[in-house]
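Open your viewer and get ready to click along. We will go from one selection to the next and look at what is there.

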Amino acid sequence: MSEKSRKKVFYILMAVACLSVMIYAFLTPNMSDDLIYWHRDDYGVKQAKNFFDLFRLEYMHYVDHTGRSVAHFLLRVFLFMGPKWIFNVVSALVFMIQSLLIYASIEMKKKYDVRVYAIIICFLWIFDPAISDTVFWEDGACNYLFTTTIILGFITYFRKCMIQEKKNSIRLMITMAIMGILAGWCNENTSGGAILFIMMLLFLKWRDNKSFSFVKPWMVSGFVGSVVGFLIMFLAPANFSRKDGAASKEAHSGVLGIMARFLKMVLNVKNNYLILVLMFVVLLIIIRSICVTKEKYVEVTSFMKLIGFVALATVLSLIAVPDGPQLRAYYGAGIFLMIAVINGLAVVMNMTDLTASAVNDKIERMLQGLYSSAIIVMMVCLSFEYIECGALVSRVFREYSERYLYLAEQAAAGETDVVVPILRPDWKCRFTETAYNNDILLGDGYPPDVENKDEEYSPNYNIYACHYGLDSVIGVERDGWSDYPEYSFCDYITLNIMK
């Protein structure tokens, strides 16, 4: 394929990456924390009188809840702007930008390498086990998709400037400092991984030069900025109170508690990232077998092993989280591991110059055909899954839309205790996981063993009843439910896009 043709296909793939996420984002309603961050009486977005008031509310959130101010300020901005279609479009663009940043991190690739970029898109869709949490859900996207893209932007730019041996300038120093602060202030384990990545780059450069003469002020400002941002996030007063509360719920403490967390982490990796781990190991073995010398092997796999090490460290840091983190917390580590594996795949697909002797043209063409065929098969399988699960996503979207319209009507009619059906169980898939995890609970929303049923304890009260000004929202089985009026598709669009 000529470079001109590859360029056209590359831009088509970029559009596919953007549009595919945008469609699912439009079909994912606001739920759970999206509603909470809007209506809270203390630091909810509805309290903001103007845009600058969002900073005051986020400071209150920083003191009271968590130090991830970059992520939650982004969420506040989207909620303050109002129409959800703005978030839907921006999140799709950010997903595309993230895919391009990953592409920029791949070393052995052709210009407009459509095979590498196609692999990136497929990996982001296939190997993110919590994609409904991290990409489509508004609060989750701000906490994971957006923040990880900020982090990738920082470390990619930092590494590019090091490779190009950029000379120092005031502008570059300020840019690196700002990017570093934002990247360090994003997400505890992923931001920590970014700091480790920068430290490793500087260490490896020092090892090659045997001196620190290469260090420039912009490197210092970028590194210090990332550390400062991380410390601001880590030292948030709320982090320590939340940590103590979570630790008190653990079955074990001390060494046993750490071992229990480690076991949970290993099981999460095994159940959700084992294919990527095995691909990483196998690719290192294959590349070693085709390289002419050990020096060549070290050269072509150095970045692959570096980013793989950062992925491992990012996962291991989750041991510090009491009671074990949710699966979406592995998002940043998963992205780092994807970058490592795709780097290895790029080496293998462009291995002709690495072999000990000239490869027979027919064998080489056959291998390249196999690589291309495998990528096409992966894209076809993903396309079938996208269409099949898209039907499930749209059905859940309809159910949530009906529920929200009905709750609004009942609240306007003066009702205080409203009954609505839960989601049908047949529509659950990995793209609707968030909707089911945040569904209305059966009954009054209280666990059976709770005797003191105050309004602050009930999940149903906190999220849905409070949002619509009701006393309670009671869940029942969907079978036999027939109280919903006939809503039109325009009603759904108006509710989920324009409001």
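The expected span of a helix is 1.5 Å times one less than its number of residues. Keep that in mind while you look around this predicted model.

**Stop one: helix 10.** Select residues 188-209. Helix 10 has 22 residues, and the distance from its first C-alpha to its last is 32 Å, close to the 32 Å expected. Now colour its buried residues: Asn189, Thr190, Ser191, Gly193, Ala194, Ile195, Phe197, Ile198, Leu201 and Leu202. What do these buried residues pack against? Show helix 8 (138-163), helix 9 (170-184), helix 11, helix 14 (294-316) and helix 15 (331-349), and you have the partners.

**Stop two: the surface.** Select Ile181, Phe203, Trp206, Phe212, Val215, Val220, Val224 and Val228, which make up a nonpolar patch with about 650 Å² of accessible area together. Helix 10 and helix 11 (217-234) are the elements that each give two or more residues to this patch. Which element gives the most? That is helix 11, with three residues. Zoom in on Val224, which sits in helix 11. Val224 counts as partly exposed because its relative accessibility is 42%, and partly exposed covers the range between under 20% (buried) and over 50% (exposed).

**Stop three: the core.** Next, select Tyr117, Phe123 and Trp125, which touch the most other members of the largest nonpolar core, a set of 147 residues. Centre on Phe123 and, leaving aside its neighbours within four places in sequence, find its contacts: Asp128, Leu276, Met279, Met338, Val341, Ile342, Leu345 and Met378.

Note on methods:
Residues are numbered from 1 along each chain as its sequence is written. This is a predicted model: local features need pLDDT of at least 70, side-chain atom pairs count only at pLDDT 80 or more; totals for chains, interfaces and linings use all residues. Side-chain values use heavy atoms; hydrogens and water are left out. Patches are made of residues with over 30% relative accessible area and no salt bridge: like charges are joined within 9 Å, nonpolar side chains (Val, Leu, Ile, Met, Phe, Trp, Tyr) within 5 Å. Accessible areas come from the Shrake-Rupley method with a 1.4 Å probe; for residues, only the protein chains shown count as cover. A salt bridge is a side-chain nitrogen of Lys or Arg within 4 Å of a carboxyl oxygen of Asp or Glu. Helices (H or I, at least four residues) and strands (E, at least two) are DSSP runs, numbered from the N terminus. Buried means under 20% relative accessible area, exposed over 50%, partly exposed in between (1.4 Å probe, protein chains only). A nonpolar core is a set of buried Ala, Val, Leu, Ile, Met, Phe, Trp, Tyr and Cys residues joined through side-chain atoms within 4.5 Å. Contact means heavy atoms within 4.5 Å.
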